[in-house]
Each structure stands twice: as C-alpha cells, then as structure tokens.
Amino acid sequence: VVYDGEVYGMKDRQFHLFEDLPGLVDVPMEVAVHGRDVPAGRLAAKGWRLVSALDVTSSHRSYLAYVTGSVAEFSVVKDVYRRFNVGWFSDRSAAYLAHGRPVVVQGNGVAAHLPTGEGLFEVNDVQEAAEAIERIARERARHAAAARRIAEEHLDTTVVLGRFLEELGVPAKGDTRGERR
C-alpha cells in the first residue's frame, strides 16, 4: 500500500530482520510459506525448515495438527501494522494460545491489550526473539500453561462477546437493567 508517498508492506518487509533467528537458538525453527518470491534457498541456508503453507492450511485437520505439533509460534507482523503500532493479533496466534502453545510476536502494540512476558512475548528485534524462544524452551510447561490462561482469560468467546455486547449496550442474558419498563 502506498499512502502519502510512503510504502507500507507485508510481512516480507519485516521477516528479513529475523532471518538469522535459527542460528541464535537451540531449537529448530520452521516457517510455513507459499509463493513464487519466497527466498527458499536463503532461508534454508540460515537454518529455517520450510513447509508448504498450502499443505498446512489445506484442511481443519492439517491446520490443527500443525498447531498442536508445534512447541510455540513465532511470527513477524505486516510492515504496516508494525509501523502504525496497531496492536494486531492474529487468529492463528489465538489458536496457538488456546492449545497451550506460547506465542512470540513482533512488536506492534499488542502488549497494550494482552499480558506479555509469560506465554506471550512481544519482541522488537531478533535478539529479543531469541531470548523469548530460549525462555520458552527452558520452561516449556510454565509458558504453555500461561499461554492457555491468556486464551481463557482474554480471548475466549464468552469473554470477548460479553465485552462486545456490553460496549454496544446489549444486556447479558438474565440482566434486566437494560430493559424498558
């Protein structure tokens, strides 16, 4: 997207900042990608395992298997989200948390909306990402439990929908305060 002469890009404009991550951690790093412009050779040379994003997302079963087969998620954000610090958080990251898989996401303001530092990490550079990943690897059970707790306390549909309806002024079931007399 070009706005006012400024180019705002996608994840490829941010991912290169984290390309060296596999060499900084003692855990395997994998990226699910698709597209003719993916620099597969360069990523593989830096230690990334590459899988087909199409294969991973071809069915609910394959997607669930991928998420639950992962120790955690690492994700960069679209360039535009990073630059405008919008607090973006993906449904994929929510799925990881719900399945007790910690999330490490590139900084974009999410810490203003969700608790971070245990189970969910917002990082600004490759070194912070490596530190978060190593913390997860050292205390996997603790961060898995924290991830699940974040999902339950902040992302569960009853919590989110309840807040949404409250903001709209729609009373909860059994709540007569909003009824007209």
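Reader: In this predicted model, which residues of α9 do Glu152, Glu153, His154 and Leu155 in α8 meet?

Author: The α8 side of this contact consists of Glu152, Glu153, His154 and Leu155. By class, the contact of α8 with α9 has 3 nonpolar, 2 polar and 3 charged residues.

Reader: Are α8 and α9 roughly parallel or roughly antiparallel?

Author: Helix α9 covers residues 157-168, and its axis lies 6 Å from that of α8. The two helices pack at an angle of about 25 degrees. Angles under 35 degrees count as roughly parallel, and α8 is therefore, relative to α9, roughly parallel.

Reader: How is α7 oriented relative to α8, roughly parallel or roughly perpendicular?

Author: Helix α7 spans residues 126-138 and helix α8 spans residues 140-155; their axes come within 5 Å. They cross at roughly 105 degrees. Angles of 65 to 115 degrees count as roughly perpendicular, so the orientation of α7 to α8 is roughly perpendicular.

Reader: How many charged residues does the contact of α7 with α8 have?

Author: From α7 the contact draws on Arg135, Ile136, Ala137 and Arg138, and from α8 on Arg140, Arg142 and His143. Asp, Glu, Lys and Arg count as charged. Beside 2 nonpolar residues and 1 polar residue, the number of charged residues is 4.

Reader: What distance does α8 reach from its first C-alpha to its last?

Author: Helix α8 has 16 residues. At 1.5 Å a residue, the expected value is 22 Å. The model comes close to this, with a reach of 21 Å.

Reader: Within what arc do the buried residues of α8 fall?

Author: The buried residues of α8 are His143, Ala146, Ala147, Ile150 and Ala151. Their cover includes α6 (91-98), β7 (120-123) and α7. Seen down the axis of α8, the buried residues line one face of the helix, because they fall within an arc of 140 degrees.

Reader: Is alanine 146 buried or exposed, and with which residues is it in contact beyond its neighbours within four places in sequence?

Author: Alanine 146 belongs to helix α8. Its relative accessible area is 1%, so alanine 146 is buried. Alanine 146 and tyrosine 96 are 50 residues apart in sequence, yet 12 Å apart in space, C-alpha to C-alpha. With its neighbours within four places in sequence left aside, the contacts of alanine 146 are Glu118 and Gly119.

Reader: Is aspartate 79 buried or exposed?

Author: Aspartate 79 is placed in helix α5, residues 79-84. Not counting residues up to four places away in sequence, aspartate 79 touches Val7, Tyr8, Gly9, Met10, Lys11, Arg13 and Gln14. Its relative accessibility is 3%, so aspartate 79 counts as buried.

Reader: What is the phi of aspartate 4?

Author: Aspartate 4 lies in the loop between β1 (2-3) and β2 (6-7). This residue counts as exposed, at 74% relative accessibility. Although aspartate 4 is not a glycine, its phi is positive, at about 55 degrees.

Reader: Where is asparagine 85 found?

Author: Asparagine 85 has a phi near 50 degrees, a positive value in a residue other than glycine. With a relative accessible area of 52%, asparagine 85 is exposed. Its place is the loop between α5 and α6.

Reader: What percentage of the residues in the protein chain is buried?

Author: The protein chain has 9 helices and 7 strands. Its C-alpha atoms fill a box of roughly 70 × 45 × 30 Å along the principal axes. Of the 181 residues in the chain, the buried share is 32%.

Technical notes: Residues numbered from 1 in each chain as written. Predicted model: local features only at pLDDT ≥ 70, side-chain atom pairs only at ≥ 80, totals over all residues. Heavy atoms only, no water. Axes fitted to C-alpha atoms, helices over the stretch in contact; angles between N-to-C directions. Helix = DSSP H or I, 4+ residues; strand = E, 2+ residues; numbered from the N terminus. Parallel < 35°, antiparallel > 145°, perpendicular 65-115°, else oblique. Contact = heavy atoms within 4.5 Å. Expected span 1.5 Å × (residues − 1). Buried < 20%, exposed > 50% of the residue type's maximum accessible area, 1.4 Å probe, protein only. Arc of directions from axis to C-beta.
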